[in-house]
Amino acid sequence: MADDDVLLEVRGVSKSFGGVHAVNDCSFVVRRGSLTGLIGPNGAGKSTTVELISGFQPADSGKIVFDGKEIQRLPAHAVSRLGLIRTFQTPREWKHLTTLENVLIAAPDHSRERLWRSLFARRGLAAAEAADRARARDLLEEFGLFNVRNELAGNLSGGQKRLLEFARIAMARPRMVLLDEPQSGVNPVLGERMGDAIKAMVADGITVLMVEHHLNFVERVCDIVHVMSLGQCIATGTMAELRMDTTVIDAYLGQAEVRV
């Protein structure tokens, strides 16, 4: 794999909490423009790895390189400014704002900063806000939320809140997003829509690393999958390849309820 194809590299990363090695000399790469899965049994270190990559926890050792820049010591806000953002297992929304307003506040403000410095700041700002509103409405239509655009976000169902989270990601235009169990608590109908939404993000140029326990969903949407066990990445491949890997079967798939 050429270096230019790698957007994220986790290189020998470790993290301990007391005497517990949550992540232990973990290494893997995420290819630019890919939809990559990260799977493994409970306690394998997947969510901690997401915390380390996104800057919510500092790594004890090793390197995390995002587009050629080491980020293992950067705080979360600095990582997000580089265009790498994350979701959480439980969706987080502004409960007292409408669905539309939740999407609008995710819009990048770089254009506004430039506009305020211009001689035509007011006219340019109004145009930028109108464009943001039009894009937000388009995204709500795309994610099946247009009919609840004026509903308070706190009143949405769990699945709708997850779709709202994806709409906000698309509005923010990040370079990469870390999805932490997006299928958690979602009914099958919305789960199908969610898969389409994730693939649409990738088609729009967003690289995705997804932690997920629903392996049939992982197989349906992911290009490549990394398997973690005991804090390490123990295998990489497609789900079809991983089902033939005895190391993966012994560590995880032998206990997972998956129909081949």
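Predicted model: local features only at pLDDT ≥ 70, side-chain atom pairs only at ≥ 80, totals over all residues.
View 1. Of the 260 residues, 47% count as buried. The accessible surface comes to about 13100 Å², and carbon and sulfur atoms hold 50% of that area. Among contacts with a separation of 6 or more, 67% are between residues 24 or more positions apart.

**View 2. Strand S9, residues 224-229, within its surroundings.** Here we zoom in on one strand. How many of the 6 residues of S9 are buried? The count is 5, so S9 is largely enclosed by the rest of the structure. Buried here stands for under 20% relative accessible area.

**View 3. Strand S9 beside strand S3.** S3 covers residues 35-39. In which sense do S3 and S9 pair, parallel or antiparallel? They pair in the parallel sense, over 4 bridges. To find your place in this pairing, look for Thr 36, which stands opposite Ile 224 in S9.

**View 4. Strand S9 beside strand S10.** S10 takes in residues 232-237. With S9 it pairs in the antiparallel sense, over 5 bridges. A handy landmark is Ser 229, which stands opposite Gln 232 in S10.

**View 5. The hairpin of S9 and S10.** Finally, a look at the turn itself. The hairpin has 2 residues between the strands. Which residue of this hairpin takes a positive phi? Leu 230 does, with a value near 55°.

Note on methods: Residues numbered from 1 in each chain as written. Heavy atoms only, no water. Buried < 20%, exposed > 50% of the residue type's maximum accessible area, 1.4 Å probe, protein only. Contact = heavy atoms within 4.5 Å. Areas by Shrake-Rupley, 256 points an atom, 1.4 Å probe, with all protein chains shown as cover. Pairing = 2+ DSSP bridges.
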